[in-house]
Amino acid sequence: MREARRLGRKDTVTGAYVKQNMIFADAFNYYIFGGQQVIQPDRLKELDTAEIQKAANSHRKARDYKEHGKGEFLAGFYKEDKLIPVTTLVIFFSPDEWDGPTSLHEMMNVKEERILSLVPDYQIHLIAPARLADKELKKFHSSLREVLGFIKYSNDIEKMDEIVHGDFQKLRREEIDVLNQCVNVKLELPDGEETIDVCKAWEDMKKETARKAAEEAAIKATEETEERTLLEAVSNMVKELPLSVEQAMAILKVPEAKRSKLAAKL
């Protein structure tokens, strides 16, 4: 249930992020035009699918079927009507390699080319950070460059140091939410601020990670020292007194949960 909520939250924040005209236009400008700024964000308009259906029914309602055949009228589509092309672009907000199919044919349990040639294929148009070379990232002109770069190198500390100390712009809450959900970092927007200095935030994260690692190492060292001391005490008691290992550990009040592990090391 917790994992389902996390995935739901991830879908929500990435969906809201990509829905922004600037990000939407940048993604398609990269994928279709190689980064050229052809699609202008301020000219984009969200189209309700219900409006498309209304357009298909418009001829019937207007009854403008003169000089058109019955088939055209019944279909609601005249010879001079033209379709608007629709394509789907998938942005994979993960540092992992995309290991799923990229076409409808790949999903079919048929390999016979003569059969597949009769079945329309559907290609997945995909942007996956792991597949993007650094020169490709530079073709993005919005915060997608920073978001996809951060995701791509989120498991490579040296490369991450390089990109965040380079030409890395400050990020807003929308980008921070995406990164926190997709690569499990904990970037926090300072109170009263609208953007975050990612370079400073990354350095703070590294320091906090190092601090926690040092604490864990100290705790582990203490536990190992205590374990060695107990092993020596039990060993000495068994050698010098007519006691079994279990009896010695009972006298020393070793917790039941640790006794089998200690006994195996004697």
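This is a predicted model: local features need pLDDT of at least 70, side-chain atom pairs count only at pLDDT 80 or more; totals for chains, interfaces and linings use all residues.
I number residues from 1 along each chain as its sequence is written, and side-chain values use heavy atoms, with hydrogens and water left out.

**Aromatic pairs**

I looked up Y30 and F140 as a ring pair and found them stacked, with 4.3 Å from centre to centre and 25 degrees between the planes. For pairing, I take rings of Phe, Tyr and Trp (its six-membered ring) with centres within 6.5 Å; planes under 30 degrees apart are stacked, over 60 edge-to-face, and the rest tilted. Y30 sits in helix α2 (residues 21-33) and F140 in the loop between α6 and α7, so this pair ties together parts that are 110 residues apart in sequence. Helices here are DSSP runs (H or I, at least four residues), as are strands (E, at least two), numbered from the N terminus.

By this rule I count four aromatic pairs. One of them joins Y17 and F93, which is edge-to-face because the ring centres are 6.4 Å apart and the planes stand at 70 degrees. Y17 belongs to helix α1 (residues 2-18) and F93 to the loop between β1 (89-91) and α5 (113-116), so the pair ties together parts 76 residues apart in sequence. I noted both Y17 and F93 as buried.

**S143 and α7**

I next looked up S143, which lies in the loop between α6 (134-137) and α7 (144-152). S143 is buried, with a relative accessible area of 8%. Leaving aside residues up to four places away in sequence, S143 touches Y17, I23, Q169, L171, R172 and E175 (contact: heavy atoms within 4.5 Å).

I then checked how well α7 is covered: eight of its nine residues are buried. The buried residues in α7 are L144, E146, V147, L148, G149, F150, I151 and K152.

**Salt bridges**

I found 10 salt bridges in the structure, each a side-chain nitrogen of Lys or Arg within 4 Å of a carboxyl oxygen of Asp or Glu. Two residues that S143 touches, R172 and E175, form one of these bridges, at 2.5 Å from N to O. R172 is partly exposed at 31% relative accessible area, whereas E175 is buried at 1%.

I also looked at K159 and E162, whose side chains meet at 3.2 Å, N to O. Both lie in helix α8 (residues 157-164), three residues apart, or about one turn of the helix. K159 is buried at 16% relative accessibility. I traced a network of salt bridges linking D134, K159 and E162.

In helix α12, E256 and R259 are likewise three residues apart, about one helical turn. Their closest N and O atoms are 3.3 Å apart in a salt bridge. E256 is exposed at 59%, and R259 is buried at 12%.

**K253**

My last entry is on backbone geometry. Most residues other than glycine have a negative phi. K253, not a glycine, has a positive phi of about 60 degrees. I placed K253 in the loop between α11 (245-251) and α12 (256-265). K253 is exposed, at 73% relative accessibility.

Key. Buried means under 20% relative accessible area, exposed over 50%, partly exposed in between (1.4 Å probe, protein chains only).
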